[in-house]
Structures are given as structure tokens and as C-alpha cells.
Amino acid sequence: MKIERIETLVCHARMRNWVFVKVVTDQPGLFGWGEATLEWHTRSVVAAIEDLSMLLIGEDPRRIEHLWQMAWRQHFWHGSGIVRSTAIAGIDLALWDIAGKILGVPCHQLWGGAVRDFVRLYCHLGGGSLETFYETPVDQASRYADLARQAVDEGFTAFKAMAVPPTMPLEGLQPIRAAERCVAAMRDAVGENIDIMVDCHARPSPAMGMQFARALDGFGLYFLEEPCWPECLDGLAAIREAVATPVATGERLTHLTAFRDLFSAGACSVCQPDITHCGGITEARRIAALADAWRIPLAPHNPQGPVSTAASLEFGFSQPGYIICESVHSDVPWRHDIVDEGFVVDPATRTVRPGTRPGLGIEINEDEVRRHPFEPEIPQRVFYRDGSVGDW
Ligand SMILES: [Mg+2]
């Protein structure tokens, strides 16, 4: 059995271009789907997949680990950079999809079978629409409360809000109080039985992140995400030490060694590898094993397209440390025209039970994908009030 070709299909989904990866074998009808979506780097990833193809075409698709080693290590440059790591991940997902299809079992069966009865989903406020999630001003606390109620009305028992504004490396009380009011409004709106997450998007400096973390600590957040740059391990560790709220991070890291450094620094309470960026499921399984050694739970980053979600769920059914699946359902209205998923979401509880379809259990409608060709992503450039560059 050989890999015959590796195709990429780009689907413009407004905020992102979903990059679907199709690994085609020489066996009639046998191919696998992966995803390598990387916002604002779409063409780079497509080209990186083309570059990697020369290593993989003609190889046996069943030797997933061997091919991963080749893709990450060969031709001198290691695969840790975000573009190549994402390209490797897209191919890796497709190879696991093929492996499941060959054996006629869902991927989680390949990885030891289901370790739980269902996976819980959480949503972004507004279901993942760009404007609602990213652009609701933090001085509109009542709007946050309305959106929180809407998420709960839609069946979610957990949701995430970006209730922390961009701030200069040091600012006074105003943004802290605004974040506090937003989180208080959401907690008042939904009560204590709903899990609220706040994503700081790595906007704050360690000093500001510390202040946000302390101000929000009394609201019982499920986790506080990226309270400062992922590069600031000491800052993350200091914040984690100072508050009871679990600190979540990891979505921008690639390769096991970065997670080793993160865990060793005591900088992470909830690990958020992105299966489509960290090096694929092959690498995510290693990261999960390492996280287990610290008893750090897993909540993979997953705001991308439908193959990423299917992969995160299959991974979640196989990983004891997996606690919750990030999901978006209102990013584009035609999401379900693109994909036929093998799993069913219970709309009353927003939980998913294991599916029975082989591999990742998804089919991509290529004709529908072609209706949404590549367009440049909408720029998201942040400048502070003095004109200096900020983080989105
Ligand atoms: Mg995040």
C-alpha cells in the first residue's frame, strides 16, 4: 500500500480558511481527511504540505509514526515552526483516518478504546461568530450576560468569553474593573452550575495578567486562558501560583519539548494543545502522556473547521485526562453543508457520544468546498491608544 498523492482543499470560512488535507492511497477509494488550518498563513501551510509531500509519496500510509519522524526530522530543519508543524498535523490526521478505515473502526478504538461515555462541548459566546466573540466591548457587561444566557439556552453547560480587553504592558484599574463587571454579569446571569471560561488571548503582560487573574479569582472560573504571552513561562507560573483559578495554555506550542518546558516551569493547570498545530494526533498522544505525569487535564484548542473537531473528539474518547471539547457552531451558516459528521451532538446537553464510523468518521463535500475558494483572512491588527503595537 502506498501514498499516491496529497491534496489540499482550501475553504474560505470567513474568519479562517479551513485547509483540508486529503491523503490519497493507491487502493481504490481509500483516502483520509486531515485539517491544517492556520489563520493568516493559509498559503504558507499549503506550500509546506507540498514540500513535505516529496518525503511521503510512495510510502506506506500505515507506518504513521515512521512517516511522522520523517516529516519532523528530515531535510535538516526540524518541524517545530508553526507552519510546518501544522502541515505535519494535517497529514498526520489524514493518516490516522486511513488507519481507521483500513481496520473498519473509529480512531479511538485504535488508541485503546473509549475511556468515557460522552464528551462535553463548550462554546464561544455567540457560537463562534467573529464579531460576537472577539469584538463585544468589555464596557458592555449586560451584553455579555445576554450572550451567556443564550449559550445556556442552547444547551451548553460551559462557555468561553473574551472578557479581558487588550491592555498596554501596564495600565490602571479601568480594564481590570471592566473585566470584573463582565464576569460578574455572566455569573449572575447563569448561576453557579454553569462553567465559565475567560480567554485573555495572551493580551496582557505578566503584570497585567496577574491583576486580571486576582480580580477574577473569586468568580470560580473553570479556567483562565493565556493570561500572558505563552513565551513568558515565569509569568504564567507566577500567576498560577497566586490564584486558585486554573491557568490554561498551550494552544500555540508545538512539539513535546515545548510542553515539557511548560509543565516543568509549573506554568500550566489545563493543557490546551491544538491537534492541528502541535504535530497532529501522533504528537498530541505523547503530550497527553506527559501531561498525565503531572495530572494536568487536557482541553485541546479547537476553534477551526470540522475535521479538527472530529479529531479532537476521537482523541477525547481515548484520553483519560481530556475534560472538555472546544466547539464553534455559528462561525459560518453552511458549516454542515461542507461536512457529514459521524458523531451526534445531543442539543439538550451539548454532549457527544462515541460514533461508530471508521477513522475520524467524517466526509467532506468537495463540491461545496469549491463554492468557498480562498480569500485573505480579515485583518485583525491591534494598536494601543498611543499607536504602539498590541496583541489581538
Ligand atoms: Mg485561546
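**Note on helix packing, sheet and domains in a predicted model**

1. Helix 10 (residues 256-264) packs against helix 11 (residues 280-294) at an angle of about 15°, and their axes are 10 Å apart. Helix 10 is therefore roughly parallel to helix 11; angles under 35 degrees count as roughly parallel, over 145 as roughly antiparallel, 65 to 115 as roughly perpendicular and the rest as oblique. Axes are lines fitted to C-alpha atoms, for helices over the stretch in contact, and angles run from 0 to 180 degrees between N-to-C directions. Helices (H or I, at least four residues) and strands (E, at least two) are DSSP runs, numbered from the N terminus.

2. The structure is a predicted model, in which local features need pLDDT of at least 70, side-chain atom pairs count only at pLDDT 80 or more, and totals for chains, interfaces and linings use all residues. Residues are numbered from 1 along each chain as its sequence is written.

3. The crossing of helix 10 with helix 11 is right-handed (a crossing is left-handed if the near helix is turned anticlockwise from the far one by less than a right angle, and right-handed if clockwise). Helix 10 contributes Leu 256, Phe 259, Arg 260 and Phe 263 to the contact, while helix 11 contributes Glu 283, Arg 286, Ile 287, Leu 290, Ala 291 and Trp 294. Two residues are in contact if their C-beta atoms, placed from the backbone, lie within 7 Å. This contact has seven nonpolar, no polar and three charged residues; Ala, Val, Leu, Ile, Met, Phe, Trp, Tyr, Cys and Pro count as nonpolar, Asp, Glu, Lys and Arg as charged, and the others, Gly among them, as polar.

4. The domain assignment gives domain 1 (3-105) and domain 2 (110-366); such bounds come from an automatic or database domain assignment. The centres of the two domains, taken over C-alpha atoms, are 25 Å apart. In the contact between them, 36 residues of domain 1 meet 26 residues of domain 2. On the side of domain 1 that touches domain 2, helix 3 supplies the largest share, with 14 residues. That side comprises 19 nonpolar, ten polar and seven charged residues.

5. Three strands form an open sheet in the order 1-2-3, with antiparallel pairing; two strands pair if DSSP finds at least two bridges between them. Strand 1 and strand 3 each have a single partner strand and stand at the edges, so one side of each lacks a neighbour in the sheet. Strand 1 is joined to strand 2 by ten bridges, and Cys 11 has Trp 18 of strand 2 as its bridge partner. Helix 1 (residues 42-56) packs on the sheet, where it touches strand 1 and strand 2, and its direction makes about 175° with that of strand 1.

6. Helix 2 and helix 3 pack at an angle of about 170°, with axes 11 Å apart, and helix 2 is therefore roughly antiparallel to helix 3. Among the residues that meet here are Trp 68 and Trp 72 in helix 2 and Leu 95 and Trp 96 in helix 3. The contact divides into ten nonpolar, no polar and one charged residue.

7. Helix 1 and helix 3 pack at an angle of about 60°, with axes 9 Å apart, and helix 1 is therefore oblique to helix 3. Their crossing is right-handed. The contact between helix 1 and helix 3 divides into nine nonpolar, three polar and one charged residue.
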